[in-house]
Amino acid sequence: MTDIQYHCGFVAIVGRPNVGKSTLMNHLIGQKVSITSKKAQTTRHRVTGIHTENNAQFIFVDTPGFQTFHKGALNETLNKSVKDSLGNVDCVLFVLEAMRFTGADREVMALLPKRKPVILVVNKLDKAKDRDALQAFIAEVQAEFAFAGVEVVSAKHGQRLSELLEQVRPHLPESMPLYPEDMVTDKSERFLAAEIVREKLFRYLGEELPYEMNVEVEMFEMDGELRRIHIGVLVDKENQKPIVIGRGGEKLKKISTEARIDMEKLFDGKVFLQVWVKVKSGWADDVRFLREFGLD
Ligand SMILES: Nc1nc2c(ncn2[C@@H]2O[C@H](COP(=O)(O)OP(=O)(O)OP(=O)(O)O)[C@@H](O)[C@H]2O)c(=O)[nH]1
Ligand SMILES: [Mg+2]
């Protein structure tokens, strides 16, 4: 036995869409493993982010924003993913946006476990200028749930994140680290590659983003040190293709270039990336599209 108590455990990050859960996780672990955007419902899968210090290993689970307004199969799956995550963790971070406590926040609050430590994380501190109002806001939220702690942070600007980690640490069980110290996620590079492309689609497609669009890794190969990655963007209808491709292929080019840059950073190596768009049902069209844009 050593003198130093090592702590290691799982921490779920939950909240309504767009409060900054994924941004928070990325900044807590110092790497971008979970995609983020201005739009609600960016996160579609649970993503694990691992942060290791010399006295603790934090295994964060970023969850999709809990949806209360729109019913549907997709939302049900996303919500189930949030509920499942809550059952399997040692501590929960309930994320709110400073000065905003909505009906949707309250519905997520109703799901919080009573027997586990839940820390209230008030995010977007940079947007809350009035400190007295912020204190009153926190008191109002605290009156509705017995939180194990409160921390006001700015995920985006990396403010007060080490303080937050300090609050979480005692709630993790005493245990040796479960993952190697340089590991930042348990997701495969294949999964991360698809997610990065999805993030760029969110970023560049504005309101035109087809809701049920899928991203599929068709090839992921190592060629020496080089990663060769082919990714297909699957849309429902023929007329959605030009939205993704843009005039003269401009949008798709921007999406692929930025995705490649992010992948090279995350994988720490060169990437050769091809992205193309296809309609879910038609293979014939794909071939034509590849020729049109000289990608084959
Ligand atoms: N001003 C400000 N913006 C932030 C902060 N943290 C996150 N954001 C922004 O809030 C938006 C949503 O962030 P995400 O991290 O994608 O939010 P999320 O809660 O994961 O959203 P879903 O996955 O859709 O549930 C993005 O535009 C972020 O840049 C912050 O501390 N300050
Ligand atoms: Mg998210």
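Good morning. The structure I present today is a predicted model.

First, the chain as a whole. How many helices and strands does the chain have? There are nine helices and nine strands. Along the principal axes, the C-alpha atoms fill a box of roughly 60 × 45 × 35 Å. For 296 residues, a compact globule would have a radius of gyration near 19 Å, and the value for the chain, 21 Å, agrees with this. Of the 296 residues, 35% are buried. Let us also consider contacts between residues with a separation of 6 or more: 68% of them in this chain are made by residues 24 or more positions apart.

I turn now to the ligand. Ligand 1 is surrounded by 25 residues, and the closest are Gly20, Ser22, Thr36, Thr43 and Gly65.

Is it enclosed or open to the outside? Nine of its nine residues are buried, so helix H1 is largely enclosed by the rest of the structure. The buried residues include Lys21, His27 and Ile29. They pack against strands E1 (7-14), E2 (47-52), E3 (56-62), E4 and E5 (118-123), and against helix H5 (161-168). Just after the helix, Gly30 takes a positive phi of about 75 degrees.

Let us take one residue of helix H1 as an example, namely Thr23. Why does Thr23 count as buried? The cut-off is 20 or more other C-beta atoms within 10 Å. Thr23 has 24 C-beta neighbours inside 10 Å, and therefore counts as buried. Leaving aside residues up to four places away in sequence, Thr23 touches Thr36, Ala155 and Lys156. Thr23 and Ser154 are 131 residues apart along the chain, yet their C-alpha atoms are separated by 9.4 Å.

Among the strands that pack against helix H1 is E3. Seven of the seven residues of strand E3 are buried, so this strand, too, is largely enclosed by the rest of the structure. In a regular strand, side chains alternate between the two faces of the sheet. In strand E3, Ala56, Phe58, Phe60 and Asp62 point one way, while Gln57, Ile59 and Val61 point the other way, and all are buried.

What are the partners of strand E3? Strand E1 pairs with E3 in the parallel sense, over seven bridges; within this pairing, Phe10 has Ile59 as its bridge partner. Strand E2 pairs with E3 in the antiparallel sense, over six bridges, and here Gly49 stands opposite Phe60. Strands E2 and E3 form a hairpin, with three residues between them.

I now come to another sheet. This one is open, with three strands in the order E7-E8-E9 and mixed pairing. Strand E7 (214-223) and strand E9 (271-279) stand at the edges; each has a single partner strand, so one side of each is left without a neighbour in the sheet. On average, neighbouring strands of this sheet are turned by 15 degrees against each other, direction ignored. Strands E8 (residues 226-235) and E9 run parallel and are joined by nine bridges. One of the residues involved is Leu234, whose bridge partner in E9 is Lys278.

Helix H6, residues 189-204, lies across E7, E8 and E9 and runs at about 130 degrees to E7. Helix H8, residues 250-267, packs on the sheet and touches E8 and E9, its direction making about 140 degrees with that of E9.

Finally, a loop residue. Where is Met99? Met99 sits in the loop between strand E4 (91-97) and helix H3 (103-109). With 15 other C-beta atoms within 10 Å, Met99 is partly exposed. Not counting residues up to four places away in sequence, Met99 touches Ala128, Ala133, Leu134 and Phe137. Met99 and Leu112, by contrast, are 13 residues apart in sequence and 20 Å apart in space, C-alpha to C-alpha.

Thank you for your attention.

How values were computed
Residues numbered from 1 in each chain as written. Chains lettered and ligands numbered in written order. Predicted model: local features only at pLDDT ≥ 70, side-chain atom pairs only at ≥ 80, totals over all residues. Near = placed C-beta within 6 Å. Helix = DSSP H or I, 4+ residues; strand = E, 2+ residues; numbered from the N terminus. Rg over C-alpha atoms; globule rule 2.2 N^0.38 Å. Buried ≥ 20, exposed ≤ 12 C-beta atoms within 10 Å, placed from the backbone. Contact = placed C-beta atoms within 7 Å. Pairing = 2+ DSSP bridges. Axes fitted to C-alpha atoms, helices over the stretch in contact; angles between N-to-C directions.
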